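I opened a new notebook page for this chain. My plan was to look things up one at a time and write down what came back.

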Amino acid sequence: MVVDAGHGGHDGGAVSHGVIEKKLSLDIAKRLKQALEKAGVRVVMTRQDDSYLTLDERAAFTSRYKADAFVSVHLNTDGEGSDAEGIETYFAATTPLSARQLVSAEALSKKESPSASAEFAGVVQRLVCSTTKAGNRGTKARDYAVVARAVCPAVLVECGFITSASESVLIKQAEYRERLADGIARGVVLFLQGQPAKSPIVAAVAGAGDSAAVRP
């Protein structure tokens with residue numbers, strides 16, 4: 001699967017309460033990679049340092065590596081002084097025609113239906129919220145390019161609001177970011193276990209049963 005750390009390079013993402021989104025999204029993404037690999041999932045990251053990739057380049061990883069799933073990690077904002085808190089997970093309701101410029105016709109023909117991404121979003125949202133005890137803001141359909149152009153079930157996880165004075169304190173803590181990564185990983189593994197064994201990695205994770213679960 002592909003793990004995407006949002007932003008990077010000249011694109012710092014959101015900044016609030018001493019948090020720079022691109023730095024902590026990369027930290028969470030690296031922790032997510034480690035948790036998934038412990039569960040037997042092969043992971044490719046779109047970036048592993050402070051580099052910039054376009055949204056098209058990020059989505060293209062799913063075709064290049066024949067990914068079974070895609071997760072993009074972000075942090076949320078709602079304006080300075082806002083009391084908005086919690087986690088929300090996005091999926092794309094449609095596949096834009098522009099995706100045809102990024103992947104082969106064969107890959108597009110095999111793209112999962114939007115319902116697969118909706119299911120994926122629901123599982124990840126439930127597991128990350130139960131693991132972190134964060135507020136559950138639900139799943140939302142938005143045709144963000146990075147998920148809409150992926151050729152596999154794809155979600156974008158907003159891991160909390162850095163504009164919240166209290167939630168930003170949590171997000172700054174390594175232990176909390178570890179829980180975020182663990183919760184997302186639990187959701188990924190559970191989703192993959194429920195998919196048809198269409199590739200070696202899905203077959204391996206599905207066959208592992210409980211042994212593939214990400215432990216606390």
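**Entry: Leu36.** I began with the neighbours of Leu36. Leaving out residues up to four places away in sequence, Leu36 touches Met1, Val3, Val41, Val43, Ala185, Val188 and Val189. I noted that this is a predicted model.

**Entry: the cores.** Next I looked up the core. The largest nonpolar core has 42 residues. Leu36 is among those with the most contacts inside it, along with Met1, Leu32, Val71, Ile184 and Val188. I then asked which elements supply at least two residues each. The list reads strand 1, helix 1, strand 5, strand 6, helix 4, strand 8 and helix 7. Helix 7 gives the largest share, 9 residues. I also found a second, separate core of 14 residues. Phe61, Ala92, Val146 and Ala148 are included there.

**Entry: the whole chain.** I stepped back for the totals. The chain has 8 helices and 8 strands. Of its 216 residues, 55% count as buried. I also checked contacts between residues at least 6 apart in sequence: 79% of them join residues at least 24 apart.

Entry: In what order do the 6 strands of the open sheet lie? I read it as 4-1-5-8-6-7, with mixed pairing. Strand 4 (44-45) and strand 7 (136-141) are the edges, and each pairs on one side only. I reminded myself that strands of a sheet pair through backbone hydrogen bonds, either parallel or antiparallel.

Val3 stands opposite Met45 of strand 4. I had met Val3 already, as one of the residues that Leu36 touches.

Strand 6 and strand 7 pair in the parallel sense, over 4 bridges. Phe91 is opposite Ala141 in strand 7. Glu88 has Glu158 of strand 8 as its bridge partner.

**Entry: strand 6.** I stayed with this strand for its side chains. Are its residues buried or exposed? Strand 6 is mostly covered, with 5 of its 5 residues buried. Ile87, Thr89 and Phe91 point one way, while Glu88 and Tyr90 point the other way. I noted that Glu88 is buried too.

**Entry: helices on the sheet.** Helix 1 (residues 21-38) lies across strand 1, strand 4, strand 5 (70-76) and strand 8 (154-161). Helix 1 runs at about 145° to strand 5. Helix 7 (residues 174-193) lies across strand 5, strand 6 (87-91) and strand 8. Its angle to strand 8 is about 155°.

**Entry: positive phi.** Most residues other than glycine have a negative phi. His7 has a phi near 65°. His7 sits in the loop between strand 1 and strand 2 (15-16). Its relative accessibility is 19%, so His7 counts as buried. The cut-off is under 20%.

Lys133 also has a positive phi, of about 65°. I found Lys133 in the loop between helix 4 (114-132) and strand 7. Lys133 counts as exposed because its relative accessibility is 68%.

**Entry: cysteines.** How many disulfides does the whole structure hold? The search gave 0. I looked at Cys129 to see why. Its closest cysteine sulfur is in Cys159, 9.8 Å away, which is too far for a bond. A disulfide needs the sulfur atoms within 2.5 Å. Cys129 counts as buried, because its relative accessibility is 6%. Cys152 is buried as well, with a relative accessible area of 3%.

**Entry: confidence.** Last, I looked up the pLDDT. The chain averages 87, and 81% of the residues score at least 70. Where does the pLDDT fall below 50? Residues 97-112 are one such stretch, with 21 contacts in the model beyond near neighbours in sequence. Residues 206-216 are also below 50, and that stretch has 19 such contacts.

Terms used: Residues numbered from 1 in each chain as written. Predicted model: local features only at pLDDT ≥ 70, side-chain atom pairs only at ≥ 80, totals over all residues. Heavy atoms only, no water. Pairing = 2+ DSSP bridges. Contact = heavy atoms within 4.5 Å. Axes fitted to C-alpha atoms, helices over the stretch in contact; angles between N-to-C directions. pLDDT = per-residue confidence, 0-100. Buried < 20%, exposed > 50% of the residue type's maximum accessible area, 1.4 Å probe, protein only. Core = buried A, V, L, I, M, F, W, Y, C linked by side-chain atoms within 4.5 Å.
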